[in-house]
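User: I am new to this structure and would like to learn how its features are read. Could we go through them one at a time?

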Amino acid sequence: MRSKAAPQPSGLERFASAGKGRGLRARRRYAVGELLFSCPAYTAVLTDTFVFRSDLYNRITSVLFLRKEGLSKCGRCKQAFYCNVECQKEDWPMHKLECSAMCAFGQNWNPSETVRLTARILAKQKTHPERTESEKLLAVKEFESHLDKLDNEKRELIQNDIAALHHFYSKHLEYPDNAALVVLFAQVNCNGFTIEDEELSHLGSAIFPDVALMNHSCCPNVIVTYKGTLAEVRAVKEIEPGEEVFTSYIDLLYPTEDRNDRLRDSYFFNCDCRECTTKEKDKEKLEIRKLNDPPPAETVRDMIKYARNVIEEFRRAKHYKYILCLNPDSTGLVELLEICELSLDKMGAVFEESNVYMLHMMYQAMGVCLYVQDWEGALRYGQKIIRPYSKHYPSYSLNVASMWLKLGRLYMALENRPAGVKALKR
């Protein structure tokens with residue numbers, strides 16, 4: 001949507017936040033649950049799962065990211081799906097970047113989500129040089145890149161993405177020079193958003209410039225939710241005039257050290273919010289088994305190190321093999337479940353089941369069970385997860401709400417209607 005002079009939200013203003021750079025500030029009071037603003041995606045791409053598996057892709061519209069039946073395919077590539085002809089025409093300026101390449105490369109067409117999103121940004125900047133409806137408060141070209149903070153590994157990854165961009169998008173794209181592309185990829189890495197459905201499943205990635213203006217806190221006063229490719233920002237605490245609006249960039253389940261490791265790695269800063277200063281929830285999140293002979297501190301430290309390593313190992317295995325989206329019948333799914341179960345057995349000798357590292361691996365195991373339609377297995381893990389989730393996450397957490405939703409649907413699938421209704425009400 002074009003907007004030459006899009007008005008700024010009347011109750012909000014951009015300002016210079018002390019020690020944080022740009023920020024967003026309230027000009028009036030907002031009540032809990034109130035919508036501060038909504039922002040359409042500047043551009044967006046579906047996740048790899050829906051691009052490389054046509055049987056899944058056809059459940060999601062390529063423009064709105066909504067699940068629908070009876071969608072129409074692109075007649076040429078057969079990989080993009082639309083509600084109607086108007087929807088297809090609207091998407092063509094973006095889809096033409098990929099359509100002919102999909103046909104030419106066939107199964108070898110496999111640019112990453114980041115590469116596909118960056119290609120669309122370049123195309124959008126060419127076709128819409130004016131400020132868009134998504135940029136009322138912050139323009140894409142103003143994004144921070146943190147270029148001076150990139151280490152050699154991150155710079156090498158960006159060069160790999162640039163090579164893939166040139167390889168897959170040669171026909172319909174005009175490229176700036178390499179230095180400008182490095183900046184753009186760095187901006188996307190720091191300012192991109194993951195679009196999720198009501199169960200917090202990954203649907204795709206997008207750019208929401210105005211949402212990117214908000215700074216981070218582990219004690220946020222707003223949350224971001226999605227209706228397709230529309231981001232909505234709602235208050236989860238009362239916000240007074242003059243108060244800065246904070247969202248969370250990361251999953252709040254984990255202890256302080258883990259959260260700040262993630263913030264430093266992805267966004268190049270440490271958080272100084274009350275939660276990170278007091279670390280008051282860390283002890284509960286890292287709960288140790290109550291034994292007659294408590295494990296030595298060194299044993300606990302070693303197990304925490306093991307837990308962090310196995311979480312990274314699982315992430316890499318899932319990403320590298322594309323197991324969940326490309327090889328549903330492969331033994332890879334069994335291998336992933338074995339990683340979860342073995343790690344849970346080992347960690348369980350030291351950690352309580354409410355320990356966040358135990359919960360992480362239970363959640364991954366639940367995801368594998370859901371994928372292979374093992375409803376009983378998924379339910380067993382979900383039942384163990386829900387109460388600790390309710391303790392560790394804030395009361396407004398979407399993670400808790402989505403877990404109740406999963407449990408409700410599982411109970412219904414297993415014909416336990418009373419339990420299903422109760423979970424869905426929660």
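Analyst: We will look at a sheet and then at aromatic rings. This is a predicted model, in which local features need pLDDT of at least 70 and side-chain atom pairs count only at pLDDT 80 or more, while totals for chains, interfaces and linings use all residues. Residues are numbered from 1 along each chain as its sequence is written, and side-chain values use heavy atoms, with hydrogens and water left out.

User: In what order do the 3 strands of the open sheet lie?

Analyst: Strands of a sheet pair through backbone hydrogen bonds, either parallel or antiparallel. Strands here are DSSP runs (E, at least two residues), numbered from the N terminus, and two of them pair if DSSP finds at least two bridges between them. In this case the order is β3-β11-β10, with antiparallel pairing, and the edge strands, each pairing on one side only, are β3 (35–40) and β10 (222–227).

User: How many bridges join β3 to β11?

Analyst: There are 5 bridges between β3 and β11, the latter spanning residues 230–235; Ser38, for instance, has Glu232 in β11 as its bridge partner.

User: How many aromatic pairs does a search of the whole structure find?

Analyst: Rings of Phe, Tyr and Trp (its six-membered ring) pair if their centres lie within 6.5 Å, and planes under 30 degrees apart count as stacked, over 60 as edge-to-face and the rest as tilted. The search gives 8 such pairs, among them the edge-to-face pair of Tyr389 and Tyr393, at 5.1 Å centre to centre with 80° between the planes. Elsewhere, ring pairs join Phe193, Phe208 and Tyr226 in a cluster.

Terms used: Helix = DSSP H or I, 4+ residues; strand = E, 2+ residues; numbered from the N terminus.
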